[in-house]
Each structure stands twice: as C-alpha cells, then as structure tokens.
Amino acid sequence: MNSGQKKRNFQIEAFKHKVVVDPKYADKTWKILEHAIHEIYNHNASGLSFEELYRNAYNMVLHKFGEKLYSGLVSTMTFHLQEMSKCIEAAHGGSFLEELNVKWSDHNKALQMIRDILMYMDRTFIPSTHRTPVHELGLNLWRDNVIHSTKIKTRLLNTLLELILRERTGEVINRGLMRNIIKMLMDLGPSVYHDDFEKPFLEVSADFYSAESQEFIECSDCGDYLKKAERRLNEEIERVSHYLDAKSEAQITNVVEKEMIANHMLRLVHMENSGLVKMLLDDKFEDLRRMYNLFRRVPNGLSTIRDVMTSHIRDTGKQLVTDPEKSKNPVEFVDCLLAKRDKYDKIIISAFNNDKTFQNALNSSFEYFINLNPRSPEYISLFVDDKLRKGLKGVKEEDIELILDKVMMLFRYLQEKDVFEKYYKQHLAKRLLSGKTVPDDAERSLIVKLKTECGYQFTSKLEGMFTDMKTSQDTMQGFNATNGPELGNGPTLVVQVLTTGSWPTQPSVTCNLPAEMSALCEKFRSYYLGTHTGRRLSWQTNMGSADLRATFGNGQKYELNVSTHQMCVLMLFNNADSLSYKEIEQATEIPSSDLKRCLQSLACVKGKNVLRKEPMSKDIGEDDAFSVNDKFTSKLRKVKIGTVVAQKESEPEKQETRQRVEEDRKPQIEAAIVRIMKSRRVLDHNNIIAEVTKQLQSRFLANPGEIKKRIESLIERDFLERDNADRRLYRYLA
C-alpha cells in the first residue's frame with residue numbers, strides 16, 4: 001500500500017427503519033424465565049424446553065434487558081435459598097448435616113441448569129458490566145443466605161467440631177458426609193473454609209491435645225507416650241486425607257507436634273527410668289527411632305536428643321577410662337571402648353537415620369574421654385600387640401581387616417599419636433624378634449593404614465624394621481654357608497641385625513654368655529664386619545631367646561624355650577648343683593632387676609619351675625639359693641618359660657617413655673616453627689602458637705609452653721629475632 005495514499009474510514013451504520021419491540025416484551029419474557037427457575041428449584045425441570053428458554057434469555061440480553069434479567073435472577077435465587085435455609089434450620093440432631101448436604105446438592109444441580117439457560121448473558125452482558133458470573137453468584141448467594149445465616153453458621157461449626165471430637169475419642173462417624181460438607185466450604189472459597197472452619201478447628205485441636213498430652217505424660221513412661229503421640233499424629237494425617245483440605249495437613253500436624261512433643265521435649269528425654277538415657281542403655285532401637293522421627297519435626301528437637309546423648313556418652317566414657325579396675329587389663333580396656341563404639345554406631349545407623357550430626361557428636365565424645373586417660377595410646381598398642389600375637393589365629397582375612405579398622409578408628413581419636421607410635425614400635429619389635437606374630441599381611445596392612453592416616457614419616461621406621469628382618473635372613477644364610485663345616489654339631493646361632501635408627505633404642509645390657517655361645521658370636525661378628533665396612537655391632541642380649549635341651553634327675557628330657565638371660569642362668573647348672581643369688585649375679589653380670597625377674601620365672605611359676613629355690617617364696621631375695629628341680633615334669637615335651645614381666649609399663653618406665661616422647665617432639669616443633677616463619681616472614685606470638693598447633697595436631701597436641709621454649713631456642717640460634725618495636729612480633733632470619 002502506498003504510504004501517500006489516503007486512508008479510508010469504514011463505518012457500520014444502523015438500519016434505517018426502526019425495529020418495533022413490544023413495550024411489555026421484557027416483563028413477559030422474564031415471567032417465562034422466572035417460572036422456569038421456580039420449576040427447576042421445585043424439581044419440575046423435566047417439562048421445560050431449555051432451547052426455548054435459552055432463546056428467550058438471549059433475546060432479552062440482545063434487546064438491552066440484561067440488567068432486568070440479572071437482577072431478577074438474584075432475587076429469585078435469593079428467595080429459594082432462604083426457603084432452603086428454613087428447611088435446614090428446622091432439621092434436628094444428626095439430620096442437620098444430611099439436610100444441608102441434600103439442599104447443597106439440589107442448589108448445585110439447579111445452578112448448573114440456570115447457567116446453561118443464561119449462557120449468553122454469562123458470556124456477554126456480565127463481562128461488559130463487570131458483574132459476578134452466574135455460577136459464582138449462585139455460590140455467593142448460598143454462602144450469604146445459608147451458610148452465614150445466623151441460625152446455621154454457629155450450629156454448623158459446632159456440629160463439625162463435635163463429630164471430629166467423637167472420632168478422636170474412638171467413635172465411628174459418617175466420613176462421606178463430612179467430606180461433602182467440608183468440600184462445600186472449600187468450594188465457597190478459601191476464606192470461607194479458613195474462617196468458618198479451619199481456624200476454630202485448629203484452636204479447639206490445640207486445647208484438646210494440650211489437655212490430652214498433660215494427661216498422657218502423667219500416667220505413661222516415655223516409650224508409651226511417644227507411641228501415643230505418633231498414633232495421634234498419624235490419625236490427624238489420615239483425617240486430612242479423608243475429609244479435610246490437603247493444605248490443612250501442615251497446620252494440624254504443627255498443632256499436634258507443638259502440644260504433644262515440643263512442649264514436653266525436655267521432660268520426655270530426662271524422664272526417670274524411661275527417658276533417652278534409659279533407652280540408650282537398654283538398646284531400645286524402636287523407641288529411639290520413634291523419638292528421633294517425632295523430635296525431628298519440631299524446632300531444636302534433634303539438638304535436644306543429641307545434647308543428652310553426647311552428655312551421657314561423655315559421662316559413661318569418662319567413668320570407663322578412669323576406672324582403675326578397667327585399667328588393670330589393657331586388652332579389656334580397649335575391648336570396652338570398641339564395644340561402646342559398636343553400640344552407639346548401631347544406634348545411630350538403625351535408630352537415628354545415620355544422621356551425620358549424631359556421628360560427629362559421637363566422634364567428639366570419644367575424642368574427649370579417650371584422651372582423659374594418658375595411657376590410652378599405650379593400651380591401644382597393647383591391644384594390637386595381643387591381637388597380632390595370638391588373638392587373630394584362625395580368623396578370616398576380612399575379619400582381621402575389620403578389627404584393624406576399629407583400632408584405626410580409636411587411633412584417630414588420640415591427640416598424642418606419637419606416643420602410640422613409640423609403644424607400637426616397641427611392641428612390634430618384640431613381636432618380630434620373638435617370631436610371635438600373625439602372618440606379615442596383618443602387620444603390613446596396619447602399617448599401610450597408619451601411613452594413609454599420618455603420612456610416610458610416621459611409618460618409615462616401622463617399614464625399616466621389616467626390611468631388617470628380611471636382610472637378617474639373607475645374612476644368616478651367607479654366614480651358615482661360609483662357616484657351616486666349622487660349626488659342626490655345636491650350638492646353632494640365629495642373629496637379627498637391627499639398624500639402630502629404625503628400632504626402639506634399648507640400653508645395651510651387660511651379660512656374660514656361656515663360653516660356647518660367646519665363641520659363636522665372635523665368629524658371626526668377624527663374618528659380618530668382613531662383609532660390611534664401616535659398621536659396628538653391639539649385642540642386645542636382653543631381646544634374644546634360646547632353645548635348650550634339658551635332662552632332669554628322673555631321666556625325663558625336655559626342650560625348653562627361654563630368653564637369652566634365662567639360658568645364661570640355666571647353663572651355669574651344668575657345672576654346679578646349687579648356686580646362690582650372689583654367685584649367679586657374679587657369673588652372668590645381668591642387672592639385678594632383670595636377673596630377679598628371670599629367676600622368678602624359672603623357680604616360682606607353677607608348672608614351669610625348672611629350678612628350686614630355698615627358701616620357697618614368690619619374691620627373690622639376695623640370700624636365696626637355687627638348684628635344679630629334679631622332680632620337674634610337664635605334659636608337654638616343649639616347654640616355654642616366659643619372663644615374669646608386667647604387661648603394662650611400670651611407673652618409672654612410663655616416665656622414661658614420656659621423657660623420650662617429649663625429647664622427640666622438640667625438633668618437630670622447631671621444624672614447624674621454621675616452616676611457618678619461612679613462608680610468613682613476620683608473625684606475632686599468638687598466631688605462631690595457633691599455626692604450630694594446627695600443623696602438628698595430626699601427631700600430637702603441642703603444649704603452648706613448649707612452643708614458647710622452642711621459639712626462644714631458635715632466637716638463641718639466630719633462626720628468628722624479636723621485633724624491636726613490638727616484642728611479641730617475630731622475624732625470620734634467612
């Protein structure tokens with residue numbers, strides 16, 4: 001189209017000739033429609049011609065009588081609804097709701113027919129004049145004339161609430177009828193349902209459950225109360241699904257949760273003889289699960305359970321680790337810890353939905369009380385020692401892994417992991433040297449776990465111990481191959497050559513070996529130093545063992561498995577019938593404490609007493625005399641004579657180990673300080689303490705006082721200097 005071209009304006013004009021309408025047309029037509037509406041409400045609609053009625057309504061709107069039609073509809077419907085209201089008001093007792101339901105159904109059917117007749121008005125007149133559509137109008141009129149009628153409104157609410165109360169107290173009610181009436185309130189609009197029913201329903205429910213919970217809690221234990229609360233909650237959820245608005249579920253469950261759980265939380269968990277602690281002690285999984293599921297619905301519910309559980313675990317754990325009776329047996333001590341851990345793991349997994357916050361609380365509780373006993377690292381190492389010596393024989397590989405994993409779990413809780421390492425190294429050394437260990441796989445598996453947990457530094461020396469054992473085998477093969485013919489039928493020697501840095505440092509104990517053994521040891525020394533240059537050998541006789549063949553007075557022959565010190569003592573009796581303590585001490589030069597333990601195990605242990613002591617007593621005195629026990633018998637041909645030794649360290653030994661640990665920590669603290677200062681260059685005192693503690697916490701909990709001493713030492717050696725202006729500030733000196 002050309003933009004310059006003129007636009008044409010089209011206009012539609014009315015007919016030129018006048019359309020004549022009967023002046024009484026509107027009244028006549030309305031009378032027909034009014035009669036039809038009366039008939040519909042009176043159930044006589046079968047004789048009506050809906051097509052004709054539709055045309056009449058159509059024409060009225062077309063001829064601009066829509067206003068008359070609409071106002072007539074309002075007044076006619078109002079008349080019928082008022083009549084219906086009177087019938088409903090007149091209904092007595094149980095028939096009240098039934099009558100209301102019937103009339104509501106009648107009104108809905110009538111409304112549907114009327115809407116069909118007045119469809120044209122609904123589509124044209126109503127939108128253009130912003131009136132209420134026919135169906136909505138019908139609902140509003142029903143609301144105003146029936147539901148909000150002064151004689152019906154309160155009666156309806158009271159009837160509904162009474163029926164719900166009866167259902168709560170165990171009666172069976174007509175749920176279908178309830179559903180229809182509640183649906184009617186919902187159809188009339190959210191505000192009608194909420195204001196006329198839901199709001200008062202929730203208020204009455206709160207009062208009901210407040211009173212009931214008070215009654216329940218006075219006469220029930222915690223488990224029974226929770227069952228009742230759970231049942232009530234489920235009943236309300238079921239009630240909503242049967243005849244209330246789905247949106248009411250959250251509202252009514254909130255009421256039950258608040259009145260039955262939130263308001264009584266503390267009383268329930270602390271209830272004597274049935275509360276949370278009692279449930280935990282008696283492994284009441286079902287009750288605990290119910291408590292968890294109910295309490296998680298209310299604010300601070302789970303934290304309440306968690307706090308009480310944490311407090312209980314800490315208290316009982318503290319009792320366990322500080323009980324002198326439990327501490328007497330380290331294996332039993334650790335078994336108790338593992339049993340406690342298993343118990344609460346099971347509870348958290350099966351009753352507390354494996355809740356991570358509960359797992360964290362359990363971990364922090366264990367870390368708290370395990371470290372209350374300074375001997376925990378030693379006891380855990382002794383437990384491992386016991387298991388790896390004898391406790392895992394015949395146990396499947398996966399079960400061994402399970403035990404080792406549990407040990408590692410306890411190890412993670414230790415703040416002084418370096419103390420555990422010290423003891424573990426000592427115990428591992430004894431296992432390896434005595435040959436009393438389960439297959440290497442279990443030992444190596446634990447070392448791999450420790451390496452994963454703490455890094456290579458932690459296990460490098462432990463791995464070195466295994467390397468030494470393998471190298472020693474090769475060395476002995478070489479020695480026997482070289483000196484085999486010379487050795488003849490004399491004593492056999494097996495030597496383990498241990499690298500000083502890898503093994504626990506033991507003071508070299510003096511001991512005079514029998515002449516034949518001494519000569520053999522010299523042969524080995526010559527062989528070893530001849531094949532390795534720049535090395536030095538020192539004998540650790542206190543760590544060795546020996547097998548002796550012994551013949552007693554009655555001609556009985558036995559093979560005795562003894563320590564090197566015990567061998568030295570027994571060999572003396574080849575040349576003497578009786579020896580005094582002083583003579584034995586002089587001949588062997590074994591330190592007094594070691595010799596007394598050695599003689600105790602040879603003369604005082606029933607069934608292993610190959611020596612006789614005069615006078616007979618449990619303790620060894622300096623004036624005692626010893627001779628071979630000619631009457632010694634045993635059911636076994638091979639008799640193992642252990643050394644009487646405390647499983648745990650004595651107090652002086654403990655102090656010595658602690659001292660060694662403290663000494664080992666010093667270079668580690670210094671190394672951490674230097675690392676931090678090298679990267680930060682300048683740092684204040686408090687931040688150094690915090691950083692060092694953080695860096696070393698995987699091995700031990702550094703003492704701030706010791707860190708301060710190490711800083712002073714580094715300042716003296718010119719690694720650090722104090723700032724001139726601020727004395728709490730340190731500078732790194734490259």
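In this predicted model, F352 and F358 are both buried. Their rings also form a pair. The ring centres lie 4.7 Å apart and the planes meet at 45 degrees, so this pair counts as tilted. Across the model, the count comes to 23 aromatic pairs.

A second tilted pair joins F524 and Y527. Here the centres are 6.5 Å apart, with 50 degrees between the planes. Both partners belong to helix α25. They are 3 residues apart in that helix, so about one helical turn separates F524 from Y527. F524 is buried, and Y527 is buried as well. The two residues also take part in a cluster. Ring pairs link F524 and Y527 with F479, Y528 and W539.

Rings in the model also meet charged groups. The charged end of R314 sits over the ring of Y368, at 4.7 Å from the ring centre. In another case, R341 places its charged end over the ring of F366. The distance to the centre of the F366 ring is 5.8 Å.

The model contains an open sheet of 3 strands. Their order is β1-β2-β6, and the pairing is mixed. β1 and β6 (residues 638–640) stand at the edges. Each has a single partner strand, so one side of β1 and one side of β6 have no neighbour in the sheet. From one strand to the next, the twist averages 25 degrees. In general, the strands of a sheet pair through backbone hydrogen bonds, in either a parallel or an antiparallel sense. For β2 and β6 the sense is parallel, and their pairing runs over 3 bridges. N561 has its bridge partner in β6, namely K640.

Helix α26 packs on this sheet and touches β1 and β2. The direction of α26 makes about 130 degrees with that of β2.

Most residues other than glycine have a negative phi. N273 has a positive phi, near 65 degrees. This residue is found in the loop between α13 (265–269) and α14 (276–281). Its relative accessible area is 63%, so N273 counts as exposed. D283 also has a positive phi, near 55 degrees. The loop that holds D283 runs between α14 and α15 (285–295). The relative accessibility of D283 is 32%, so this residue counts as partly exposed.

A further residue, D144, lies in helix α7 (residues 134–147). D144 has a relative accessibility of 42%, and therefore it counts as partly exposed. In sequence, D144 and L81 are 63 residues apart. In space, their C-alpha atoms are 9.4 Å apart.

Key: Residues numbered from 1 in each chain as written. Predicted model: local features only at pLDDT ≥ 70, side-chain atom pairs only at ≥ 80, totals over all residues. Heavy atoms only, no water. Phe/Tyr/Trp six-rings, centres within 6.5 Å; stacked < 30°, edge-to-face > 60°. Buried < 20%, exposed > 50% of the residue type's maximum accessible area, 1.4 Å probe, protein only. Helix = DSSP H or I, 4+ residues; strand = E, 2+ residues; numbered from the N terminus. Lys NZ or Arg CZ within 6 Å of the ring centre and 35° of its normal. Pairing = 2+ DSSP bridges. Axes fitted to C-alpha atoms, helices over the stretch in contact; angles between N-to-C directions. Contact = heavy atoms within 4.5 Å.
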